[in-house]
Amino acid sequence: MVQKGSLLYTEPMPKLDRSPWRRRDEAHGYGRATAHHGEILQGVFEQPDGSLHRALVTLPCDLFGSEATFEPSPDAPLAVEPIWKCKARQAAELALEACGLAEWGGRLTIRSNVPLGWGLGSSTCDVTASIRAIADAFDLDLAPKQIAAIAVQAEQASDSIMFSDAAVLFAHRDGIVLESFDQPLPPLDIVGFNADAAGAGIDTLEFAPAQYSTWDVEAFRPLVGLLRRAIYDQDPRLVGRVASASARINQRYLPKPQFDRFEAAVEATDAVGFQVSHSGTIVGLIFDPRDDDTHRNVLAAQALIAEMGFGASWHIQTHATHRRLR
Amino acid sequence: MKIRNVASTVIDAIKIPRLIRLEHNLYAAAFVLMKLLPARFILESARQDGLIAPGTTIIETTSGTFGLALAMICNQQGYRLILVSDPAIDPPLQRRLEELGTTVEIVRAPAATGGFQRARLDRMAEFQAAYPDHFWPAQYDNAHNPGAYAPFAEALVETIGQIDCLVGTVGSGGSMCGTSRYLRLLFPHLHVIGVDTLGSVLFGQPDRKRLLRGLGNSLMPQNVDHSAFDEVHWVAAAEGFLATRELHRNHALYMGPTSGAAYQAARWWAREHPDAVVLAVLPDEGYRYQETIYNDAWLEGNDVRLAELPAAPRLVAHPHEAGPEWSRLLWGRRDYEQIMGAPFSPPGQV
């Protein structure tokens, strides 16, 4: 029996210990951020002024996440725990500076269960949770685009998980929203797995960005066109079309091993498409929650993925995510 | 939020077609002038590659809508344009081109072998020699012709969503091969129907004089990717003209003859496949054809006035079996040689 939105790991991930952290404390700021499961679409997009921007549309995934607390103290150094979370430290310093609080320091503590190197946005998760914790400590409201701008400054490239109300086409290296789709992605059932679980993982920042051909730069236009329709109509089938097409283009630049088998899995399980983390190793088969057979297909997909030797898989329901976030 | 914005030129304002639902599963993309897309993309790419700048001389041979599209863009962007044409060019079009600042060079006599087409190419070669820094758009062979149709594909899927069948006429191969290649990224099973006319070499018919213009060809452009097509239809001139009139009578769409030919094939296929979403590409408007296709006396004078369209195309197994009326062949995404048994060889060469 598949538990809705649950982890289906043979080795369970550590669960986030949320309860004691969620209490609003005068002296503490609290922030959290959920991870993503790669992207529905990633490529390069022309703006009305003719400029080209690398950008992406992330698929939120609340199985994984980070949370942070911040205890501010004036004229104190900034202490970050764990100490190796350098990007979170950088983001915290930038956030304090951006809020006119450069003289403040304090203790920033981060907890996360986001696997590293899979392309799930572990670093942006830490960064976003940290910025939110700092803002919370000073009772400041930071808009998602302000958080995004700080995150990109700290990380060079950041995902768009800070935009939780609506799907956005986010220029992850420029820190700007190219287009907001006004609504979240439609409800989706995703069966995810790591296509290279034995691999060392990927350092997203060291990954050389794809140098797209003229043809592919043009090809992203119809992809974003169909995504507008998919989100407007809240149609999971069309989302599947966009995600599969984006994964296929990406395969020419940042190839994933055994790619043909993902395509075969889509056919075999009546999935409406598949999505990938374009610079990571995560793959998700996409199912339409409106289909009567979805539950059966999800189980079949998990069995097939195990049979193919990809190991553990997990089931995400983005509709459950939507409910919780609201 | 979507807000309407001002276009900076008429080219930007009209390059994307209007999308209209004709029947429950049949949609039409009605262009004012479809060739604006490739003309603009070819020149814009050339500009970005440093091949042209304002003042550059552009040289092309055409008597059709690609020339008009080039003329409009060159007029707005400050390029000099020389078009080599033949006496078949209609005088109103020639006046319009000249008003836009285009030099229209009419070849008066056909070449000894190769006819007017050869004579035009020879004259163009003379101009190209005289203007060493010229740019030749070469719509038949320039990959930026099919490459230009991404904004069209974007508009289609954003507006309609899933599309199952694309129907349109083939001349240079740009619109159908380009659009289908972009759409198949999203819909790999898209059924693509290329509409040709009898007497065109594109899909293996023997070359002969054709009255239905704007589709078909006597040459084989490199931009025709035969493996893009699931199905090919050959439309007779009289049928295409009547279908053009029916498009106007039934839907108040005043379009050119290529639109009629596309409508003829698309309407039949859509009715045969009521669960499939079918899109017909309508490449230009009807005003150039007021005195011809929209004039019964002209139709009668040319013996192409038809009372009724055939109910269905005749299914043929080989291109040589097509005609004299509307015919179709299940091309099956094969290349030319697979169908014909030999690669295409231009007339006069064996």
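This is a predicted model: local features need pLDDT of at least 70, side-chain atom pairs count only at pLDDT 80 or more; totals for chains, interfaces and linings use all residues.
**Ground rules.** Local features need pLDDT of at least 70 and side-chain atom pairs count only at pLDDT 80 or more, while totals for chains, interfaces and linings use all residues; side-chain values use heavy atoms, leaving out hydrogens and water. Residues are numbered from 1 along each chain as its sequence is written, and chains are lettered from A and ligands numbered from 1 in the order in which they are written.

**Rings.** I searched the whole structure and found 22 aromatic pairs over all chains (rings of Phe, Tyr and Trp, the last by its six-membered ring, with centres within 6.5 Å; planes under 30 degrees apart are stacked, over 60 edge-to-face, the rest tilted). I looked up A:Phe64 and A:Trp314: their ring centres are 6.3 Å apart and their planes stand at 85°, so this pair is edge-to-face. A:Phe64 is buried, as is A:Trp314 (buried is under 20% relative accessible area, exposed over 50%, partly exposed in between, with a 1.4 Å probe and protein chains only). For A:Tyr212 and A:Phe220 the centres are 5.1 Å apart and the planes at 80°, so I noted edge-to-face again. A:Tyr212 and A:Phe220 are both buried. I also noted a cluster of A:Phe193, A:Phe259, A:Phe262, A:Phe274 and A:Phe310, linked by ring pairs.

**Charge and ring.** I found the charged end of B:Arg181 over the ring of A:Trp215, 3.7 Å from its centre (the rule asks for NZ of Lys or CZ of Arg within 6 Å of the ring centre and within 35 degrees of the ring normal).
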